[in-house]
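Me: I'd like to learn how to read a protein model feature by feature. Could you walk me through one?

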Amino acid sequence: MDRRTFTRIIGLSALSLPFTSTAAFAQGPSIEALTGQKSPKLYSKDIPLRYEAGKAFADMRKAALKDRMKLHILSGFRSFNRQRTIWNNKYVQYTKKGMSPTLAIEEIIKFSTIPGTSRHHWGTDIDIIDVYKPMPKSPLETKYFHDPKHYDNMRKWMEKYGPDFGFYMSYTDDLVRKGFSYEPWHYSYEPIASEYLNHFMDVDLVGELKKRGVYGHEYLKGEIWDRYLEENILDINAALKS
Ligand SMILES: [Zn+2]
């Protein structure tokens, strides 16, 4: 059954549910869950993902072992506070150098997410390598994922089998895609991440950033904010949008 048919059937059956169930269905994840202010219950120490995604990753890791590679998560769930520390440090560093607030923000969002907007906040996203291969000093660089001595095999394996377990590369190597650059190490667990993305777009994030002490929040509006949402948040692998 394709996704559209599935959604249509779910949509129709939702109408026949009693009011309370429909309301619960529409409510979705809390703002804390969507912005990393509350940690989900994680699957395990070495699989820091929410349970369902963690279980799928464990199954995928088992399958990959049979093909002689050992998937290892370098980064899974990341909290809002952690992202805020990264953001605020960079903001201070750049503005001290004399950059205007908007220029500093433009510079930071080339490589980092605005706190509250990282897909790692959802407990569905991972940065992975194959630990059967030699690990470079900074392993998360594109060249290693196209080098047979490092993670080229893993990347090809993930492309072929990742979707069987629900995992898709988020920031694909697509020349027309805008937003974050190609990240051949970053994968999302689609069954939850697509739903989270839909709910995320309804959150009043700017209000949240102000409340939570994110530097430069007063400049996160208008064109810069709209472009960030449109390109960095929404211009991802089409398989991760429903
Ligand atoms: Zn990542």
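Me: Let's begin with secondary structure. How many helices and strands are there in the protein?
Reply: This is a predicted model, and it holds 10 helices and 4 strands.

Me: Now the strands. In what order do they form a sheet?
Reply: The general idea is that strands of a sheet pair through backbone hydrogen bonds, either parallel or antiparallel. Here the 4 strands make an open sheet, ordered β1-β2-β4-β3, with antiparallel pairing. β1 and β3 are the edge strands, each pairing on one side only. From one strand to the next, the twist averages 45°.

Me: How many bridges join β1 to β2, and how many are there between β2 and β4?
Reply: β1 and β2 run antiparallel and are joined by 4 bridges; one example is H72, whose bridge partner in β2 is I129. β2 and β4 are also antiparallel, pairing over 3 bridges. There you can find D125 opposite S188 of β4.

Me: Which helices should I look at beside the sheet?
Reply: Start with α4, which packs on the sheet and touches β1, β2, β3 and β4. The direction of α4 makes about 140° with that of β1. Then turn to α8, residues 190–200, which lies across β2, β3 and β4 and runs at about 85° to β4.

Me: Next, the metal. Which residues coordinate the zinc ion?
Reply: The zinc ion is coordinated by NE2 of H120, OD of D127 and ND1 of H186, at 2.0 to 2.2 Å. Along the chain, these donors have the spacing H-x6-D-x58-H. H120 is in the loop between α6 (101–108) and β2 (125–130), while H186 is in strand β4 (residues 186–189), so the pair ties together parts that are 66 residues apart in sequence. Both H120 and H186 are buried.

Me: How do I find the middle of a nonpolar core? Which residues touch the most other members?
Reply: Look for the members with the most partners inside the core. The largest nonpolar core has 57 residues, and F57, M158 and F167 touch the most other members. Among the elements, α4 gives the most to this core, with 6 residues.

Me: What is M158 in contact with?
Reply: Setting aside neighbours within four places in sequence, M158 is in contact with M60, L71, I128, P163, F167 and Y187. M158 belongs to helix α7 (residues 152–161), where D152, M154, R155 and W157 are buried along with it. The buried residues of α7 pack against α4 (51–66), β1 (71–75), β2, β3 (167–169) and β4.

Me: Can we try single residues? Is T35 buried or exposed?
Reply: T35, which lies in helix α3 (residues 31–35), is buried, with a relative accessible area of 0%. Not counting residues up to four places away in sequence, T35 touches F80, G116, H121 and L205.

Me: And where is E183 found?
Reply: E183 is in the loop between β3 and β4. With a relative accessible area of 18%, E183 is buried, since the cut-off is under 20%. Beyond its neighbours within four places in sequence, E183 is in contact with M169 and Y171. E183 and T142 are 41 residues apart in sequence, and their C-alpha atoms are 6.8 Å apart in space.

Technical notes. Residues are numbered from 1 along each chain as its sequence is written. This is a predicted model: local features need pLDDT of at least 70, side-chain atom pairs count only at pLDDT 80 or more; totals for chains, interfaces and linings use all residues. Side-chain values use heavy atoms; hydrogens and water are left out. Helices (H or I, at least four residues) and strands (E, at least two) are DSSP runs, numbered from the N terminus. Donors are N, O and S atoms within 2.8 Å of the metal (3.2 Å for Na, K and Ca); water is not among the atoms, so sites may look incomplete. Buried means under 20% relative accessible area, exposed over 50%, partly exposed in between (1.4 Å probe, protein chains only). Contact means heavy atoms within 4.5 Å. A nonpolar core is a set of buried Ala, Val, Leu, Ile, Met, Phe, Trp, Tyr and Cys residues joined through side-chain atoms within 4.5 Å. Two strands pair if DSSP finds at least two bridges between them. Axes are lines fitted to C-alpha atoms, for helices over the stretch in contact, and angles run from 0 to 180 degrees between N-to-C directions.
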